[in-house]
Amino acid sequence: MLQSPWKRWFIFGLILSAGGGERAMTQEADSLEIETLKQQIEAITRQLEELQLGRDVVAEADTGLFGFGPGASKVYKVRQGVSIGGYGEFLYERFADERQDGTPSDARDRLDALRAIIYVGYKFNDRILFNSEIEFEHGSTDQAGSVSLEFAYLDYRLSDAVGVRGGLLLSPMGFVNEQHEPPTFLGTERPETEQRIIPSTWRENGIGVFGGVGPVAFRAYVLNGLDAIGGGPSEAGGFGASGLRGGRQKGSKALAETFAGVARADYHRRGFTLGSSIYFGASGQNAPAPSDPASTIGAETLIWEGHAEYKAYGFDLRGLFALASVTDAELINEAKELEGPASVGERLVGWYVQGGYDVLRHARTEHQILPYVRFEKVNTQDRVPDGFSADPANNQTIVSLGAAWKPILNMVVKADYQIRSNEANTGVNQFNVALGYLF
């Protein structure tokens, strides 16, 4: 550790060297030079103390790595040992008294302790680490709440460019499935496209690779397949008219009769991101076809999405398009005893664009205020099997108008008004307020 007398002599020597006979420098310039040198010496001293004492630098939740949000990425930044992070959000929803068609909505207002998350990780060395997310939803398991393992995996870095990852993995699709910490996205609620077609939050057991070369990042996994029928040991509900969300097995006694592959690539440069991902696998889990028990339901499921984002100079712009197709939809309907407009969609389509701007960008403050707008269209029954009909209520348009206030980067208060309409004229508008944090 540098002692105070040595430190003073070191600063004095540097000042003389920097001056180098520049006797004509003003007193103000000398003071500025001295202050700069003092700051540099203090930084060097801190680094030496950390090396001598063997202390780890405390990681901050400020940037995301390897597809994860800032809080979930903290374990990658510590030198060794335990890392703890988390996030949470509270949501108030006030619903309109009437539907689109003027009939009573009968919707009751809600105030929900939506999520409280703890990240726990351990970095064994520069090559091997463990990371996990434990999620508490809706306040209490005695009522509507639950506790879940959102992800839990081990990483092994083969090199700086590529690593192997295995365990309970987040499917690397879209924006919010991997990065769903509230301060990282605009809107009080996650987009419907990223809940119904990309069934966020979506995690399955599997193994794969991750990494990046230059501005390109990638992830590719093999996962247990979705459960299109439901009713198995994972207690998944199966696919439905409202989308693919019920097919998630969440790592809980997951059926693994069939597997799936998912891959993603992103190009990052100066605040701009352009990327795409694709998922393909059989979701029937070898369930017998009701009309022919000798054959099985394939339910081959393809999900593709493309996305783009720009975050720089006060702008927060994002767009995503998702398309999914499911084979054997008529057999799924038969197995689940679905009729008429309750049919599983053979094709599902959704997209949204959104934009916000920090109006305080040029002000001398850490605070940010971002007015934003999101326009979204989603149809989970864009095509249904012959002999079935589509429910027009599943062809939706949602316009969200709101603003987000960030007193610091890791805390946000968001409020928006959602204009919800559908082809059945049963949409119900709502006003939302959300409080979120991450650490």
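**A guided tour of the predicted chain**

Among contacts (heavy atoms within 4.5 Å) between residues at least 6 apart in sequence, 62% join residues at least 24 apart. The model is predicted, so local features need pLDDT of at least 70 and side-chain atom pairs count only at pLDDT 80 or more, while totals for chains, interfaces and linings use all residues. Residues are numbered from 1 along each chain as its sequence is written, and side-chain values use heavy atoms, with hydrogens and water left out.

Begin with the whole chain in a cartoon view. The chain has four helices and 18 strands; these are DSSP runs numbered from the N terminus, helices being H or I of at least four residues and strands E of at least two. Of the 439 residues, 44% count as buried, where buried means under 20% relative accessible area, exposed over 50% and partly exposed in between, with a 1.4 Å probe and protein chains only.

Next, select Phe239, Tyr279, Ile303 and Ile332. These residues have the most contacts inside the largest nonpolar core, which has 47 residues. Such a core is a set of buried Ala, Val, Leu, Ile, Met, Phe, Trp, Tyr and Cys residues joined through side-chain atoms within 4.5 Å. The elements giving two or more residues to this core include β2 (110-123), β8 (259-269) and α4 (329-336). Strand β13 gives the most, with four residues.

Centre the view on isoleucine 332. Beyond its neighbours within four places in sequence, isoleucine 332 is in contact with residues including Ala228, Phe239, Ile297 and Val344.

Turn now to the charged side chains. A salt bridge is a side-chain nitrogen of Lys or Arg within 4 Å of a carboxyl oxygen of Asp or Glu, and the count comes to 19.

Select arginine 110 and glutamate 93, whose side chains meet in a salt bridge at 3.1 Å, N to O. Arginine 110 lies in strand β2 and glutamate 93 in strand β1 (residues 81-95), so the pair ties together parts 17 residues apart in sequence. Arginine 110 is partly exposed, at 47% relative accessible area, whereas glutamate 93 is buried, at 7%.

Move on to glutamate 150 and arginine 203, which form a salt bridge at 3.5 Å, N to O. This pair links strand β4 to strand β6 (residues 203-213), 53 residues apart. Glutamate 150 is buried, at 1% relative accessibility, and arginine 203 is buried, at 5%.

Finally, select Glu89, Arg115, Glu135 and Glu137, which are linked in a network of salt bridges.
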